[in-house]
Amino acid sequence: MSNSEPSTSTPSGKTKKRGKKCETSMGKSKKSKNLPRFVKIQPIFSSEKIKETVCEQGIEECKRMLKGHFNAIKDDYDIRVKDELDTDIKDWLKDASSSVNEYRRRLQENLGEGRTIAKFSFKNCEKYEENDYKVSDSTVTWIKPDRTEEGDLMKKFRAPCSRIEVGDISPPMIYWVPIEQSVATPDQLRLTHMPYFGDGIDDGNIYEHLIDMFPDGIHGFSDNWSYVNDWILYKLCRAALKDYQGSPDVFYYTLYRLWPNKSSQREFSSAFPVLCENFAEKGFDPSSLEPWKKTKIAEGAQNLRNPTCYACLAYTCAIHGFKAEIPIEFPNGEFYNAMLPLPNNPENDGKMCSGNCWKSVTMKEVSEVLVPDSEEILQKEVKIYFMKSRIAKMPIEDGALIVNIYVFNTYIPFCEFVKKYVDEDDEESKIRSCRDAYHLMMSMAENVSARRLKMGQPSNRLSIKDRVNNFRRNQLSQEKAKRKLRHDSLRIQALRDGLDAEKLIREDDMRDSQRNSEKVRMTAVTPITACRHAGPCNATAENCACRENGVCSYMCKCDINCSQRFPGCNCAAGQCYTKACQCYRANWECNPMTCNMCKCDAIDSNIIKCRNFGMTRMIQKRTYCGPSKIAGNGLFLLEPAEKDEFITEYTGERISDDEAERRGAIYDRYQCSYIFNIETGGAIDSYKIGNLARFANHDSKNPTCYARTMVVAGEHRIGFYAKRRLEISEELTFDYSYSGEHQIAFRMVQTKERSEKPSRPKSQKLSKPMTSE
Amino acid sequence: MEHTKKFKSLNLHGFDRSTEDYGKRPFVLTAKLLEDQKKAIYGCAFNQYAGIDEEQAVATVGGSFLHMYSVPIDINNIELQWSCNFPTDKSSKVEREESLFTVTWCYDTYEAENDRNPFKVVTGGTLGHIYVIDYVSRKLSNRLRSVGWEINDIRTCPANSNLIVCASSDQSIRIHHIRNEACLIVIGGLECHAGTILSVDWSTDGDFILSCGFDHQLMEWDLSVKQVKEHLERACKALHQDKINVLTQSQDIPYVSKGTMRKSAVSRNIPDKEEDQLLELHRELIPRPSCLLPIYTPSSVSTDMHSDYVDCIRFLIGTNYALSKGCGNEKAIHFWRFGPPKGEVENRIHGNVLRPKSCTTKFRTMNVPSGSAWFIKFAVDPRRRWLVCGGAGGSVMFFDLRNNEETNPTHTCSVGSRTVRQASFSTCGRFLVLVTDEGFVCRFDRVSASVDAKDLAKF
């Protein structure tokens with residue numbers, strides 16, 4: 001991945017930038033010669049921070065060792081290079097006398113034998129007609145020679161000059177890849193180059209500002225000790241790692257110090273296995289030379305969406321330990337019940353279906369497995385229970401399918417059931433006769449006590465209204481608990497500082513009510529994950545992944561009656577666009593798993609559909625990009641939109657908070673930004689990849705839409721909604737709130753814009769959407 | 001007068017082409033003129049499709065002007081034949097003006113088959129437009145438009161004279177057919193250059209493209225994949241008709257200005273609903289042909305060859321070796337190629353197949369003493385002997401490609417006091433033309449070893 005570089009438009013008037021690289025280079029050269037710029041050593045394999053003095057000694061020793069190995073390898077490399085120079089390249093150079101114009105040769109090949117290349121001559125030029133074109137004169141000054149062949153002085157030479165229309169002029173735009181969904185990209189800890197901020201700007205000064213945010217450094221601010229490529233690096237590592245006994249971080253850092261333009265320390269630390277895969281002989285194990293990589297324990301899985309340790313998901317990870325999180329997989333209970341007929345019926349003795357009929361089983365044999373009571377014996381059938389998990393793990397050859405079918409067909413006489421569903425000619429199956437089927441049912445029957453039976457059954461499903469009330473009560477109690485904790489901390493603070501506790505609490509309540517007019521605000525603090533654990537979900541359940549957010553989604557495995565489980569809305573169709581809708585109020589999109597009445601899963605275009613599912617179904621308004629009066633390109637509508645209607649989603653690179661900070665520092669210098677912050681952490685940057693929403697401009701006075709972070713299928717996404725009814729061809733603008741440096745940068749731009757004279761046209765800028773919190 | 005007589009007495013071009021060059025002074029400045037527009041000249045290009053014995057034409061671009069010169073063989077002069085001006089409409093509120101940066105020549109095979117003039121001059125600059133100009137009628141044949149910002153380099157495909165590749169400041173590389181407004185291939189994305197792309201070049205067989213730019217990286221893009229080749233063949237076949245601009249870039253509504261869209265929106269309400277639905281249904285069923293093929297991943301990437309901006313990259317004709325020039329702190333030209341050194345094989349198995357290659361082999365480094373400024377493009381001698389590079393202060397540096405030990409210029413001369421922007425050799429190898437920031441156009445002639453040294457010293 002590469003770091004992106006926002007662009008600025010060319011300043012009006014003359015283009016002078018291409019001749020002033022000297023000034024920038026001189027400043028850069030001056031500073032870099034005085035002080036080589038290296039970043040500090042990073043603790044990648046060491047858990048403790050290494051002291052700088054010890055580190056410097058290790059680096060010097062490692063440098064000497066590496067240089068010794070490098071010189072030998074470089075000699076071998078030089079021999080190979082000289083060999084190629086003396087053979088292949090020399091042959092190419094010697095071929096000069098018979099050189100052929102490759103362009104004409106290939107053109108002749110394309111034209112074929114029958115045609116020849118047209119002859120080029122200026123005599124073929126047409127003469128200008130008087131009224132045909134707007135023709136003027138173009139002159140050049142002869143300097144050497146300044147006379148014609150006849151000796152006449154010729155200072156100015158004139159030739160006709162035709163005028164060619166330029167055509168439509170579009171605002172400048174950086175190429176971007178259109179996508180429909182956001183793509184997660186890793187952090188880029190190393191800047192590939194110092195971006196071009198304009199002529200005359202000293203790169204050294206900008207380096208001081210940016211280097212703190214890039215722990216792996218910036219490419220190009222230090223020189224390599226000598227030339228190195230992948231092959232030399234591979235040879236060097238194999239030779240050096242064989243005898244190296246020091247710290248692995250010092251080793252990789254020394255490689256970085258010698259060749260800072262090759263890779264960073266972090267990249268060097270992971271490069272050797274890749275190089276061995278490219279150049280090593282078969283069977284070579286890179287970990288034999290890097291034993292420290294064996295002991296590095298993989299990090300645990302962050303959540304279900306970003307699993308990094310798959311063993312943890314199976315609850316048998318040897319590194320992170322065993323976690324008894326038994327999920328309740330079967331919401332309708334763990335057991336099936338069925339009725340099994342009993343043999344020893346004199347009336348049916350004469351009606352056996354075959355020699356292997358189930359009636360040939362004796363009652364004594366049944367009594368050894370089942371324990372029918374006297375009433376069941378009189379009724380000639382016994383009630384048995386099948387465990388669902390056992391059936392789920394059973395192979396089909398052992399009769400799992402037959403048991404499953406029988407559970408729902410116990411009313412059929414057993415002989416007819418076997419005749420219908422058991423294949424007597426199936427050689428792979430173990431169940432091939434009536435008696436075999438009966439024995440299968442007997443063996444699958446579980447001895448279930450009344451207590452366990454009760455435990456395996458779910459409680460009665462509460463109505464939607466009850467679940468909603470329980471959920472709201474739960475959220476309210478959580479909010480009260482948070483307020484109580486906050487008040488307790490304020491009292492402790494007041495006691496320590498000698499302030500009035502009641503006054504502080506009153507101020508906090510007032511500030512909280514101003515910020516949040518809702519009694520309960522469902523604000524997610526972490527990305528939504530699915531919880532799978534035993535026991536109820538609440539704030540004290542350690543194994544509950546939803547403990548921090550305080551809300552369980554439909555993806556969780558908790559009981560449907562869980563008071564923390566989001567119940568969804570109970571609105572009529574098409575009504576989910578006001579605060580009365582619980583999903584809309586909580587900034588969650590409706591979901592058919594939780595919402596039953598609003599028809600958010602309807603696909604018929606004739607019926608009224610839910611209005612709170614735009615991002616889930618990716619139904620967006622059609623838009624186009626065109627020149628804007630505000631700045632550069634703008635976003636315009638192709639369909640009308642009602643108030644509060646979903647228009648489009650903002651997509652791009654899904655980056656972390658630190659990465660957003662790094663890119664924001666660079667974008668601020670260009671006074672434009674495509675970063676949109678997400679409340680639960682991270683941001684979306686649509687500079688390199690995105691959709692048309694990236695062209696929405698900022699308008700603080702009359703924005704036409706507003707941005708909203710919605711929970712869509714458990715994922716936080718940013719959507720644009722109409723502020724009022726919008727017609728076709730209206731420009732989509734929105735107001736964003738900057739924070740910190742971005743705010744300052746934008747204010748400077750705004751002030752600059754305002755200070756311009758109204759008669760002078762404004763300079764063209766790229767569209768500058770947003771950073772929002 | 002005296003210069004002309006001395007030039008005739010030298011008889012520089014009366015010898016056999018296989019004669020060796022004069023070692024101490026292989027090229028001599030024979031002509032110099034100043035374009036009166038008083039603007040920097042950024043690009044120059046000889047017509048690479050002219051034969052050895054035909055007239056040699058050189059085009060220069062700078063500011064909003066394109067000048068066309070002929071280089072006669074018997075007189076030491078550069079004769080201005082015609083020029084073109086690309087003025088911006090001043091009534092428009094847009095403050096950007098056209099400033100041309102690069103130029104190249106193309107050969108339109110369809111026009112040749114119909115006995116019309118096939119030679120086209122292709123140029124581009126600040127606005128991102130590519131102008132295809134017919135050199136006979138001096139009119140605009142086509143205007144190619146798909147680049148979002150400045151065009152820094154345009155190169156003609158050696159294998160297909162209708163295709164061009166252009167490097168742009170919008171961090172993308174686009175492959176155009178000169179008869180189609182939209183581009184055929186766009187190269188860009190997360191894996192592409194993170195900064196402005198300054199230079200591109202084709203390999204001789206047209207299978208690879210090398211690119212470089214602000215981000216210190218060199219990238220190689222593979223066009224020999226079956227999918228890409230078929231796409232180009234299909235597009236070239238469709239354009240080999242009597243129509244131009246038949247392929248569009250997107251199947252959606254094209255880029256239009258706001259006023260036009262408003263009119264279209266109003267006109268959509270005039271017919272009744274049934275006709276409107278029928279039109280929409282028709283458009284959905286039969287989409288217009290789309291010719292855009294995106295390429296997102298390079299086949300090779302080098303991040304360790306250069307440590308500052310890379311502003312020029314060229315293939316050695318007929319080989320897979322490359323020359324690239326760094327500027328800023330790194331004032332050097334590197335001679336290198338992708339791949340491990342000779343005798344070594346790189347195993348591309350398992351996950352490494354999806355990763356770009358990164359191993360390079362460097363053969364030589366040539367120092368450019370005054371090469372700090374960026375946007376200076378060098379030229380390689382078609383007779384495979386010299387490498388010419390301009391620099392700041394009007395210096396012109398010659399490097400001997402046959403002397404592998406020398407890292408400094410073989411010799412240096414001066415043509416002015418401002419930066420020399422580009423050098424260009426004629427395909428016959430006799431002439432070298434340089435352009436500078438001051439507006440000078442300088443002609444150099446090759447000197448044979450059999451030329452009298454005394455006469456040369458007097459010139």
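Colleague: About how many helical turns separate A:E102 and A:R106 in helix 3 of chain A?

Modeller: Please bear in mind throughout that this is a predicted model. As a general idea, side chains of opposite charge can pair when their charged atoms come close. In this case, A:E102 and A:R106 are separated by about one helical turn, because they stand four residues apart in helix 3 (residues 102–111) of chain A. Their side chains meet in a salt bridge, at 3.8 Å from N to O. Over all chains, a search of the whole structure finds 54 salt bridges.

Colleague: How many salt bridges are counted between chain B and chain A?

Modeller: The count between the two chains is eight. One example is the salt bridge of B:R337 with A:E84, where the closest N and O atoms are 2.8 Å apart. On the side of chain B that touches chain A, strand 1 (residues 27–35) of chain B gives the most, with seven residues.

Colleague: What area do chain B and chain A bury between them, and what share of it lies on carbon and sulfur atoms?

Modeller: The two chains bury about 13,000 Å² between them, and 55% of this lies on carbon and sulfur atoms. Chain B contributes 161 residues to the contact, and chain A contributes 132 residues. Across the interface, 52 residue pairs are found in polar contact, with both residues at pLDDT 80 or more.

Colleague: Turning to sheets, what is the order of the strands in the open sheet of five strands in chain B?

Modeller: In general, strands of a sheet pair through backbone hydrogen bonds, either parallel or antiparallel. Here the order is 10-11-12-13-17 in chain B, and the pairing is mixed. Strand 10 (151–156) and strand 17 (293–295) of chain B are the edge strands, each pairing on one side only. On average, neighbouring strands of this sheet are turned by 20° against each other, direction ignored.

Colleague: In which sense do strand 11 and strand 12 of chain B pair, parallel or antiparallel?

Modeller: Strand 11 (residues 163–168) and strand 12 (residues 173–177) of chain B are antiparallel, with five bridges between them. B:L163, for instance, has B:H177 in strand 12 of chain B as its bridge partner.

Colleague: Which helix lies across strand 11, strand 12, strand 13 and strand 17 of chain B?

Modeller: That is helix 3 (residues 226–239) of chain B, which runs at about 145° to strand 17 of chain B.

Colleague: Which residues of chain B does UniProt list for "repeat: WD"?

Modeller: The spans in the UniProt record include residues 192–231 and 415–454 of chain B. The end C-alpha atoms of residues 192–231 of chain B lie 21 Å apart, and this span is 15% helix and 42% strand. For residues 415–454 of chain B, the end C-alpha atoms lie 22 Å apart, with 5% helix and 48% strand.

Key: Residues are numbered from 1 along each chain as its sequence is written. Chains are lettered from A and ligands numbered from 1 in the order in which they are written. This is a predicted model: local features need pLDDT of at least 70, side-chain atom pairs count only at pLDDT 80 or more; totals for chains, interfaces and linings use all residues. Side-chain values use heavy atoms; hydrogens and water are left out. Two strands pair if DSSP finds at least two bridges between them. Helices (H or I, at least four residues) and strands (E, at least two) are DSSP runs, numbered from the N terminus. Axes are lines fitted to C-alpha atoms, for helices over the stretch in contact, and angles run from 0 to 180 degrees between N-to-C directions. Contact means heavy atoms within 4.5 Å. UniProt positions are given in the numbering used here, feature names are shortened, and annotations may be inferred rather than shown by experiment. Buried area is the accessible area (1.4 Å probe) that two parts lose on being put together, summed over both. A salt bridge is a side-chain nitrogen of Lys or Arg within 4 Å of a carboxyl oxygen of Asp or Glu. A polar contact is a pair of N or O atoms within 3.5 Å; within protein, one must be able to donate a hydrogen and the other to accept it, and residues adjacent in sequence count only if both atoms are side-chain atoms.
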